[in-house]
Amino acid sequence: MEKRATGAKNAIPVSRDIDGDNDEDNSRISRDDSTVNDTARARWTLLRQVLRKKQVDSPEMKQVSVRRFSSFDLFSRKRTVIHETSNTSDDQWVEYRSVSLPKYSALLRVHLGPLKVNEVLNSFDNTGNVCVWPSEEVMAHFCLQKRTVFKGAVCELGGGMTCLAGLMVAICADVREVLLSDGNEKSIHNVRELVDKNRQSGVFSSTSVSARVLRWDCDSDISPLEGHFDVVMCADCLFLDQFRASLVDAIRRLLHPKGTALVFAPRRGQTLALFCDLAQQAGLVISQHQQYDPYVWDMHLKMMKEGKEAYDENIHYPLLLTLTKGPQTVSSFK
């Protein structure tokens, strides 16, 4: 903005110019953590092979797939038939309904057709175009649980193709405005369709809901919105080395002086720690939370015990970071 300057979700730092099976461009990836980056190259080799419908026989390739664990089962999913002239056979409308608070639901459109290699690997951060990643799901659930705390104007950064968490805030919270954003134009085109369809169903009440391309490294995107938002939030957007500092700067500038930023992300090697270091250098006050929701925590413990072959805490369990502009600002999201 899954997801991400960008709309990224659950990916690893990678050059936008990758083409073919040559890993030469991957040499631009940060070398801070050699183990993480070896895994990164393996994951993107896997992605290229899948997109080209090649057989994935290598045990190493199978081991690094991040989609072995795909959901904390916080939302039920039900396919919905919606007749519209713009619909294609590759698009599917799905109703996402909260399991814990079933009166809240949103319509999402997911793409079920074949992915194009050039679109995924060459356009601006396409990782959010693939699916709803666990961190986005968890953030949406958390927003529902904390719905009475939200106020004023809310912005989701790097929300990918769905901006599920931002949609849930618009549906459940008494807020004035919700801006759904991502750095990828294709993602935002889809999000605008979601906003229109959910608005037609009457779930937004009086909240103003909009979607726009917002790149964290683009001053003309950030400047008009500086200091505007009471809450800025993003999910699993910390891993792209070239945009991490831009994300910190965007959060700092977009946030109201008394506002709070919510960042959900797994540790993913050193990426979360690197983000925290940059945020502190920028003058933001950070609070880190591991147990922020009892259901998510119980599911995490269950997966750690019973699902070790599919579940990796390092890449699947999102921690919650709350960021404010000063120690005098007390966050209500605890």
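Predicted model: local features only at pLDDT ≥ 70, side-chain atom pairs only at ≥ 80, totals over all residues.
Which residue just after α6 takes a positive phi? That residue is G202, whose phi is about 80°.

**Helix α6**

- Helix α6 covers residues 185-200, which makes 16 residues, and the distance from its first C-alpha to its last is 23 Å, close to the 22 Å expected at 1.5 Å a residue.
- At the start of the helix, the backbone nitrogen of K186 has a side-chain oxygen of N184 within 2.9 Å of it.
- An α-helix has 3.6 residues a turn, so residues three or four places apart point the same way.

**Two loop residues with positive phi**

- C163, in the loop between β4 (153-156) and α5 (164-172), has a phi near 45°, a positive value in a residue other than glycine.
- Because its relative accessible area is 0%, C163 counts as buried, the cut-off being under 20%.
- R268 is placed in the loop between β8 (255-265) and α9 (271-281), and its phi, in a residue other than glycine, is likewise positive and near 45°.
- R268 has 2% relative accessibility and is therefore buried.

**An exposed loop residue**

- Q291 sits in the loop between β9 (285-289) and α10 (294-306), and it counts as exposed because its relative accessibility is 57%, where exposed means over 50%.
- Although 29 residues separate Q291 from L320 in sequence, their C-alpha atoms are 8.5 Å apart in space.

Technical notes:
Residues numbered from 1 in each chain as written. Heavy atoms only, no water. Helix = DSSP H or I, 4+ residues; strand = E, 2+ residues; numbered from the N terminus. Expected span 1.5 Å × (residues − 1). Polar contact = N/O pair within 3.5 Å; in protein donor to acceptor, adjacent residues only side chain to side chain. Buried < 20%, exposed > 50% of the residue type's maximum accessible area, 1.4 Å probe, protein only.
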